[in-house]
Amino acid sequence: MIKVIQGDITQIKVDAIVNAANQSLLGGAGLDGAIHRAGGKEILEACLRIKATQGGCEVGEAVITTAGKLSAKFVIHTVGPVWQGGNHQEDNLLTNTYKNSLKLAIENNVQTIAFPNISTGVFSFPKERAAAIAIKTVTEHFKQPTIIKEVVFVCFDQENYDLYVTLMSNLIAAYNLEKFMEVQSYHFNNAFNEISKGRKTSHWMWFIFPQIIGLGLSAMSMKYAIQHLQEAQQYLAHEILGNRLVAISASLLKIEGKTANEIFSSPDDAKLQSCMTLFSLVTNTNPVFNEVLEKYFQGERCSKTLEILGINEKNQLF
Ligand code: AR6
């Protein structure tokens with residue numbers, strides 16, 4: 001699991017916190033100074049022992065010490081690159097700080113680890129670029145089996161926090177849309193054929209006509225729930241998913257003389273209303289969703305969906 005919080009990393013209760021150190025390992029300004037001050041002299045003594053045996057720490061590498069008086073068990077000291085314009089291996093070296101810290105964490109049986117925004121202070125690495133590298137490297141890590149249960153990105157300043165939140169939400173949205181792409185590769189054609197013939201006969205409602213989270217409790221409905229209006233917007237803007245939803249909704253308009261219940265049965269007729277309600281609310285949406293609501297539900301939107309989205313029908317619609 002990956003978490004993003006805003007705060008002081010010296011106060012975080014995890015197995016290991018990561019320090020944005022320098023090659024001397026003797027402490028410094030910024031976070032490095034804060035960690036040594038809060039953790040006490042034991043940390044510096046441990047750093048000195050490492051320095052005596054290996055002479056310091058190279059850029060991109062990491063070493064581990066006690067966390068002294070801090071509530072973490074360990075401090076992993078890693079040395080980020082100084083930003084020199086981007087043509088001095090800065091991206092690779094920053095990637096290595098995250099990779100090598102995680103490697104060292106695993107070797108020491110660390111399961112929860114907190115990272116600061118390495119190199120983005122004194123070392124002046126551009127914050128957005130650094131955030132993208134940090135998130136990508138940690139996300140890649142979780143694609144392999146690992147003993148790490150939780151990575152916490154601890155952002156000190158507002159700018160970094162906002163950047164991490166935005167990048168993480170985009171990543172989650174992309175991941176969610178990928179789920180729909182995968183399942184629809186097996187089921188969309190079949191669903192489209194059934195609707196074209198005027199009768200839904202198999203199980204595909206959740207991932208063909210997606211609905212807002214909170215309507216259903218089944219594992220399927222949770223897995224394919226849309227998290228918020230912004231995600232519905234991204235779904236509709238997706239070249240394949242958006243066009244498919246519009247196409248299958250438009251094919252509903254061609255059916256003559258049947259109610260939603262006769263096409264979908266219960267409760268999928270209600271799910272259709274929820275889905276159409278959700279997508280009708282997307283900014284600059286396609287008119288087809290309102291047309292389906294008109295044709296099958298007398299223009300009435302799903303009240304539960306409106307409630308979950310916090311929309312007052314009287315104020316916003318019609
Ligand atoms: N908790 C979390 N993050 C913090 C904290 C804190 N208590 N304090 C600062 N930050 P920096 P660097 C953030 O300068 O750029 C030292 O002198 C801060 O807002 O500490 O890798 C070392 O000895 C920033 O986003 O590290 C090196 O010489 C991030 O931590 C050099 O600075 C990193 O800022 C390393 O520079």
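A polar contact is a pair of N or O atoms within 3.5 Å; within protein, one atom must be able to donate a hydrogen and the other to accept it, and residues adjacent in sequence count only if both atoms are side-chain atoms. The model here is predicted: local features need pLDDT of at least 70, side-chain atom pairs count only at pLDDT 80 or more, and totals for chains, interfaces and linings use all residues. Residues are numbered from 1 along each chain as its sequence is written, and side-chain values use heavy atoms, with hydrogens and water left out.

**Ligand contacts**

| Residue | Protein atom | Ligand atom and distance |
|---|---|---|
| Ile 9 | polar backbone atom | nitrogen, 2.9 Å |
| Thr 120 | N or O atom in the side chain | oxygen, 2.7 Å |
| Asn 160 | polar side-chain atom | oxygen, 3.4 Å |

On its own, the ligand has 700 Å² of accessible area, and the protein covers 91% of that. Areas come from the Shrake-Rupley method with a 1.4 Å probe; for residues, only the protein chains shown count as cover.

The shell around the ligand holds 21 residues. The closest are Asn 22, Asp 32, Thr 120, Gly 121 and Val 122. By class, the shell has nine nonpolar, nine polar and three charged residues. Ala, Val, Leu, Ile, Met, Phe, Trp, Tyr, Cys and Pro count as nonpolar, Asp, Glu, Lys and Arg as charged, and the others, Gly among them, as polar.

**The largest pocket**

The ligand sits in the largest pocket. That takes more than half of its atoms within 2 Å of the pocket's grid points. On a 1 Å grid over the protein atoms alone, a pocket is an open set of points where a 1.4 Å probe fits, with protein on both sides within 12 Å along at least five of seven lines; lining residues have an atom within 4 Å of a point.

Two elements give two or more residues to the ligand shell: β2 (16–21) and α1 (30–39). α1 gives the most, with three residues. Helices (H or I, at least four residues) and strands (E, at least two) are DSSP runs, numbered from the N terminus.

The largest pocket holds about 520 Å³ of space. Its lining has 24 residues; closest to the centre are Ala 20, Gly 30, Leu 31, Asp 32 and Gly 121. α1 supplies the largest share of this lining, four residues. The lining divides into twelve nonpolar, nine polar and three charged residues.

**The second largest pocket**

This pocket has a volume of about 330 Å³. Its lining includes Met 1, Ile 2, Phe 142 and Tyr 175. α4 (127–141) and α5 (158–196) each supply at least two lining residues. By class, the lining has eight nonpolar, one polar and three charged residues.

**Backbone notes**

Most residues other than glycine have a negative phi, and most peptide bonds are trans. Leu 25 has a positive phi, near 60°. Leu 25 lies in the loop between β2 and α1. A cis peptide bond joins Ser 266 and Pro 267, with omega about 5°. Pro 267 is in the loop between α10 (260–264) and α11 (268–280).

Note on methods: A residue is near a molecule or strand if one of its heavy atoms lies within 4 Å of it. Grid points are joined across faces, edges and corners, and a volume is the space filled by probe spheres set on the points.
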